[in-house]
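Colleague: Before we go further, could we look at the open spaces in this model together?

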Amino acid sequence: MTLGAAAACFAFSAGAQSGGVIKIGVNQPLTGVVAASGNFVTNGAKIAADEINAKGGVLGSKIELVIEDNKSNPTEAANATEKLIVRDKVPVLMGAWSSTYTLAAMPKLMEYKVPMVVETSSSDKITNMGNPYVFRISPTNGMEAMKFKRFIQPMGIKKVDFLVVNNDWGLGAAQEFGKVLKENGVSVGRTLNMDAAAQDMTAQLSTLRGSDADTLFITTGPEQMTLLLKQAQSLGLKRRIITTGGTLPDQLIEQAGSAANNTYHDAFFTPWFPELSSNAAAAKYFVGEWKKRGINPNGMPEGARGYDGIHTIAAAIAKAGAADPEKIRAALWEVEVSGLTGKVKFNKAGPAGKESGQSIPDTHIVKIENGKIVRTE
């Protein structure tokens, strides 16, 4: 154990609950290429924390979010994790949006033996690597692909191409969706990728324009997705487009305009249709609170993940009976939370004896028609 780890463990045992406050670390990209998404998740976390505190907090203490910016960078994500644990003495974290950032943070969780609820990342590697301090409430790429299976036949999908961001999230999505599609009689053509910071994807789109596929799956953040849709329209790319990973349809409508029409989107939370949530009452409250705070309404699907993550952590602290990392880790296996994105209950994933926790959230498909979001189920 490093000196930092020893100091952190001492601090926890000495009382991480000092001053009537229980700290929860939040590790998100607040600046950089995916800053909008990280800020939306953080706003959702703040709504949850305020709601919990208004009802008396946890174990008689208020919860305090200690927020660190990972700057949309894996090295910074690891550094932010260490800062939160060693400097801020948090007994539990939520993070870190991107699969790449979460994978970078995970060794620090092991080193300091502090659990983290993963609210967004979807790479299957996260829960298959043998890290018992990881508890994910978002779907894996594989889960998302399996849940999509029910749409293959109704949508008449025969042949697909993929255009994905060149990281663990995008490459994993192409692999897992490709596998499920092949197993269900769909032909898989080209798989192209792009750097997360790329602004010009016309070369990839020009290559795909010559394909005979009827459907193009795209996986990337909403900012790059906006550019892609505009460039696809300019090039006259004519085919069904489906996005994975829970993108932000409202933002695409606002920023891509007519280029977003007739695109389909895999959504984990549908604020436009709160009745689809497994906790419709909480969904209506969340939507109302988000609007009341004047936060950009485009970000509600992302914010829901932060909201569910903090409620899950609070439930685990309450069950643990103390703001202690090991007790919280054990309690996370026992929590059941009815969230905006589905029912949170962790199943074991990964190598025996070192399992990570994986919940099974909901997924939905929505379509953009004439600048409006419509249900497809």
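Colleague: What volume does the second largest pocket have?

Modeller: This is a predicted model, where local features need pLDDT of at least 70, side-chain atom pairs count only at pLDDT 80 or more, and totals for chains, interfaces and linings use all residues. Residues are numbered from 1 along each chain as its sequence is written, and side-chain values use heavy atoms, without hydrogens and water. A pocket is an open set of points on a 1 Å grid over the protein atoms alone, where a 1.4 Å probe fits, with protein on both sides within 12 Å along at least five of seven lines; a volume is the space filled by probe spheres set on points joined across faces, edges and corners. For the second largest pocket that volume is about 250 Å³.

Colleague: Which element gives the largest share of the lining of the second largest pocket?

Modeller: Lining residues have an atom within 4 Å of a point, and this pocket has 14 of them, with Leu237, Lys238, Arg239, Ala259 and Asn261 nearest its centre. Helices (H or I, at least four residues) and strands (E, at least two) are DSSP runs, numbered from the N terminus. Two or more residues come from each of H9 and strand S9 (240-243), and the largest share, three residues, is that of H9.

Colleague: Which residues lie closest to the centre of the largest pocket?

Modeller: The largest pocket holds about 330 Å³ of space. Of its 21 lining residues, the closest to the centre are Val33, Val34, Val165, Ala196 and Ala197.
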